[in-house]
Amino acid sequence: MAEARERWGSRSSFVFAAVGAAIGLGNVWRFPYITYQNGGGAFLIPYLIALITAGIPLMILEYAVGQKMQSSPPTALRKIWSKAEWIGWFAVVLVFVLATYYATIMAWCVNYLYYSFTQAWGTTGAEISNFFNQTLLGKSGSPGILGGIQLPVLIGLAITWLLIYLCLFKGVKTLGKIVYFTVGIPWLILIIMVIRGLTLPGAINGLNFYLTPDFSVLLSPKVWLAAYGQIFFTLSLAMGTLIVYASYLPKNSDITANAFMTSLANCGTAFFAGFAVFSTLGYLAQSMGVGVPEVATSGLGLAFVTYPAAINLLPVAGVLFGALFFLLLLTLGIDSAFSQVEPVVGSIVDKWGFNKKWVLPAVVGFGFLMGIPYTTRAGFYWVDIIDHFVCTYGLTLVGLLECIVIGYVFGAPKVRKYINSVSDVRIGPWWDVLIKIVTPIVLGASFIFELITLIRKGYGNYPIWTTFTGIGLIIVLLIVSFILSKKKGGNP
Ligand code: PHE
């Protein structure tokens, strides 16, 4: 007889864990910037439509799969259809790869938290940019030149994995208590940052940039793809995370209410974070006497170059706000990071019945080792390249396959009946239409669109062999998933 399944201590523990998984580094730099880039306030329209037509329906589906089958993704999918186990493994190996580079970005945050006390990043814009690119990362100039390991990054990586281990090792019940802090603390810090940001001179210019609607963009398919892509990444869909988290709930938990709460909390937080980011950018632009677009950079540069520059300019308490900002990133990121590790651990435990006490340190140790290439002088490039392949192709493929297996093989009405039997808010046949037609079409279209772009241009400004490496990685992960699904399990 297998041991009784682990359980969340309460329903709110589960919701906080799912919210914590959803709210991550992506919310602070990715959402505000993508909004600004895709029509400002007008982008909220495709974003909300993506949330309603794909995000929430797929989240309901993943909650239902995990909760009904009481198993991690591979076993849950096998119980749905004996030939579908590999899809679950594919999600699991993808999320493992995601965890290895996500932890590297966290490692940079660990270093910056330390630097923030002395503002070690320097004073002028050139100094700050040089500090990130050369002093911390020691960028080699090409993904092919690994150079040596950057020791501070390696130390940060070790600290991050240690934190992940400490959060997970006591099991799901304790995790359910930790998540109150890893969600509560960043919310508190965000409120402070928004108030600080809005009271800075020039803030309004930043907000104008963030939110002034440009409705003409709604005609561009790229904007719609950006909205759907952002929704999938931000809600942590198609990565196994939500399935494994829901599998620790009792079978009769309310599914639709949980899905509405998690997705609204996540998207509300992203929108709110935009106020903190863009008010500060408005201030930076005004202080430097330039326009907001000139300081509004995307992605990692925003957190590690632009933001420190703004912090330096603060008239008072720069050290405090610097430390708060990086503490914000760390507390936001840590619950996303461990939500990427739990599906891997849970899947191995569920299939082979090994003791979690040993599986967790093995996965953590392996994750740390696999992260070491990202601590080299070429690490930055590889974070960028692997992220593109995992999140663009892997994630869309898994989402698409989940819709097909549930919608067609298992039967959407059957799942809907189960969902309605446990939920207060009942869903109608519209859900079947979304899962069987709308979401797969969107995912299929974006997959093909991205593939065509890739074939035409390769990815980024890197040598072409990096594109082959990315494609190769996805193929290897697919093969590994097949092999894992063929291995005999230890659990019925
Ligand atoms: N949603 C997280 C973010 O926005 C990232 C994430 C993806 C976390 C997949 C878990 C699984 O940063």
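Author: Start with a definition. A patch is made of residues with over 30% relative accessible area and no salt bridge, and nonpolar side chains are joined within 5 Å. One caution: this is a predicted model.

Reader: Which residues form the nonpolar patch on the surface?

Author: Trp81, Ile404, Tyr408, Val409, Val433, Ile437 and Ile441 form it. Together they have about 620 Å² of accessible area. Two elements give two or more residues to this patch: α17 (379-422) and α18 (430-457).

Reader: Why is Tyr408 called partly exposed?

Author: Tyr408 lies in helix α17. Tyr408 has 47% relative accessibility, so Tyr408 counts as partly exposed.

Reader: Which residues gather in the patch of positive charge?

Author: Lys68, Lys79, Lys251 and Lys414 gather there, on the surface. Like charges are joined within 9 Å. Lys counts as positive.

Reader: Why is Lys68 called partly exposed?

Author: Lys68 belongs to helix α3, residues 44-69. Its relative accessibility is 31%. Buried would need under 20%, and exposed over 50%. Lys68 therefore counts as partly exposed.

Reader: Helix α3 also holds Thr53. Why is Thr53 called buried?

Author: The relative accessible area of Thr53 is 18%. The cut-off for buried is under 20%. Thr53 is therefore buried.

Reader: What makes the pair of Ile49 and Thr53 a polar contact?

Author: A polar atom of the Thr53 side chain lies 2.7 Å from the backbone oxygen of Ile49. A polar contact is a pair of N or O atoms within 3.5 Å, one able to donate a hydrogen and the other to accept it. The distance of 2.7 Å is therefore within the limit.

Reader: What is the phi of Gln119, and where is Gln119 placed?

Author: Gln119 has a positive phi of about 50°, although it is not a glycine. Gln119 sits in the loop between α5 (85-116) and α6 (125-136).

Reader: Why does Gln119 count as partly exposed?

Author: Its relative accessible area is 21%. Buried means under 20%, so Gln119 is partly exposed.

Reader: What is the phi of Ser236?

Author: Phi of Ser236 is near 60°, a positive value in a residue other than glycine. Ser236 is found in the loop between α10 (221-234) and α11 (241-246).

Reader: How do you know whether Ser236 is buried or exposed?

Author: Ser236 has 12% relative accessibility. That is under 20%, so Ser236 counts as buried.

Definitions and conventions
Residues numbered from 1 in each chain as written. Predicted model: local features only at pLDDT ≥ 70, side-chain atom pairs only at ≥ 80, totals over all residues. Heavy atoms only, no water. Areas by Shrake-Rupley, 256 points an atom, 1.4 Å probe, with all protein chains shown as cover. Salt bridge = Lys/Arg side-chain N within 4 Å of Asp/Glu carboxyl O. Charge placed at Lys NZ, Arg CZ, Asp CG, Glu CD. Helix = DSSP H or I, 4+ residues; strand = E, 2+ residues; numbered from the N terminus. Buried < 20%, exposed > 50% of the residue type's maximum accessible area, 1.4 Å probe, protein only.
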